[in-house]
Amino acid sequence: MAFPSSYNVFCFSILFSLLAAASAQLSSDFYGTTCPSALSTIKSAVRNAVAKEHRMGASLLRLHFHDCFVNACSFFSLFSFIYYSCMHAYFTLHEHAYGCDASVLLDDTSSFTGEKSAAANVNSLRGFDVIDDIKSQLETACPGIVSCADILAVAARDSVVALGGSSWTVGLGRRDSTTASKDAATNDIPSPLMDLSDLITSFSNKGFTAQEMVVLSGAHTTGQAKCQFFRGRIYNETNIDSDFATSLKSNCSSTDGDSNLSPLDVTTNVLFDNAYFKNLVNKKGLLHSDQQLFSGGTTDSQVTTYSTSSSTFYADFASAMVKMGNLSPLTGSSGQIRTNCRSVN
């Protein structure tokens, strides 16, 4: 049954007002007058944390990714959602967790089970204490001004820079969600066991191209993974360098050692560079999902490009991170500015 024309106009007006509001309210100088020390405070805290433990840079970057990917909508899916159920969508957008909204930081409550206990996050996500420290400093300097979601976005950028990568401009003005969902995190975050087609679909559902999926995967140029997530690759797969597989087996037996860690980038794990892609070309991807990017499929050429041009990788990664940071943010009067990133006000 067709919608009345007046209803169509109403739905379109809601759609474009929401998208325009989100776009207009993210600005790199959002805190220029309300909290001018915000960016320098975050940068200093991240730099100190990464200097103390290089792995923390990867952990903070991963926090931002796992925050943004949950419940995020591409513009197309958001259009469809609002058009076919615009009134419901309007209230849902204001009451639920969406995209880059710091929902990943919330502890469980009596009313919801949060994202920290999802399979992709439990005993895996790190860096919460660093975010707590930054938030505490900012609450002292300018109470109730800087959102936890913006802290995550800036900390991710500053982590990459601290590890030797290039910078990008972070739009600011996100607000924090008042709820979180374990089920949403379970459903939305890509698995390290995914094949290429599933990876492309998972990222496409968030509005990313296959190329953007490849370049964002380059974040695995730093950080570590548990044995349980790559055991099947080193013992059962054939598209893996035999010496590389052997070197990993000493720390990841076929039957135990699930929590033992190995670097995602076997060559320069504490640097943010393009070595990850060089490793893939040499069949030294740690995770199944990593090596799928260079395994005779449609993304081989993109991996080759990044393996030979660090400048191209840096530029494309920066663009993709800006896009990811703009996934369905809460802005304006939606959500809140949490005083404690782990709990709603």
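Hi everyone. Some ground rules: residues are numbered from 1 along each chain as its sequence is written, and side-chain values use heavy atoms, with hydrogens and water left out. Because the model is predicted, local features need pLDDT of at least 70 and side-chain atom pairs count only at pLDDT 80 or more, while totals for chains, interfaces and linings use all residues.

Let's start with the whole chain. It has 16 helices and two strands; these are DSSP runs, numbered from the N terminus, with helices being H or I over at least four residues and strands being E over at least two. Of the 345 residues, 51% count as buried. Buried means under 20% relative accessible area, exposed means over 50%, and partly exposed is in between, using a 1.4 Å probe and protein chains only. The accessible surface comes to about 14,800 Å², and 54% of that belongs to carbon and sulfur atoms. Those areas come from the Shrake-Rupley method with a 1.4 Å probe; for residues, only the protein chains shown count as cover.

What about contacts, meaning heavy atoms within 4.5 Å? Among contacts with a separation of 6 or more, 78% are between residues 24 or more positions apart.

Now to the inside. A nonpolar core is a set of buried Ala, Val, Leu, Ile, Met, Phe, Trp, Tyr and Cys residues joined through side-chain atoms within 4.5 Å. The largest one has 65 residues, and Leu63, Leu105, Ile131, Leu293 and Phe317 touch the most other members. Helix α7 (residues 148-162) supplies the largest share of this core, nine residues. Another core, of twelve residues, lies apart from it, with Ala225, Cys227, Ile234 and Ile240 among them. Going back to Phe317, and not counting residues up to four places away in sequence, we find that Phe317 touches Leu61, Val160, Trp168, Val215, Leu216, Ala219 and Phe272.

Next, empty space. Rolling a probe the size of a water molecule over the atoms shows where empty space is left. On a 1 Å grid over the protein atoms alone, a cavity is a set of points where a 1.4 Å probe fits but cannot get out; a pocket is an open set with protein on both sides within 12 Å along at least five of seven lines; and lining residues have an atom within 4 Å of a point. Points are joined across faces, edges and corners, and a volume is the space filled by probe spheres set on the points.

How large is the volume of the largest pocket? About 1,000 Å³. It is lined by 43 residues, and Arg62, His66, Pro190, His220 and Leu287 lie nearest its centre. Helix α3 (55-68) is one of the elements that give two or more residues to this lining, and α3 contributes the largest share, seven residues. The lining divides into 26 nonpolar, twelve polar and five charged residues. Here Ala, Val, Leu, Ile, Met, Phe, Trp, Tyr, Cys and Pro count as nonpolar, Asp, Glu, Lys and Arg as charged, and the others, Gly among them, as polar.

Helix α16 (residues 310-325) gives the most to its lining, with three residues. The lining residues are five nonpolar, five polar and one charged.

Two of those lining residues are His64 and Asn326. Which of them is buried and which is partly exposed? His64 sits in helix α3 and counts as buried because its relative accessible area is 2%. Cys100, Leu152, Ala153, Ala156, Met321, Met324 and Gly325 are in contact with His64, leaving aside neighbours within four places in sequence. Asn326 comes in the segment after α16 and is partly exposed, since its relative accessible area is 35%.

Finally, two loop residues. Ala102, between α5 (86-95) and α6 (128-141), has a phi near 65°, a positive value in a residue other than glycine. Ala102 is buried, at 0% relative accessibility. Lys283, in the loop between α13 (275-281) and α14, has a positive phi too, near 60°. Lys283 is partly exposed, at 42% relative accessibility.

How values were computed:
Contact = heavy atoms within 4.5 Å.
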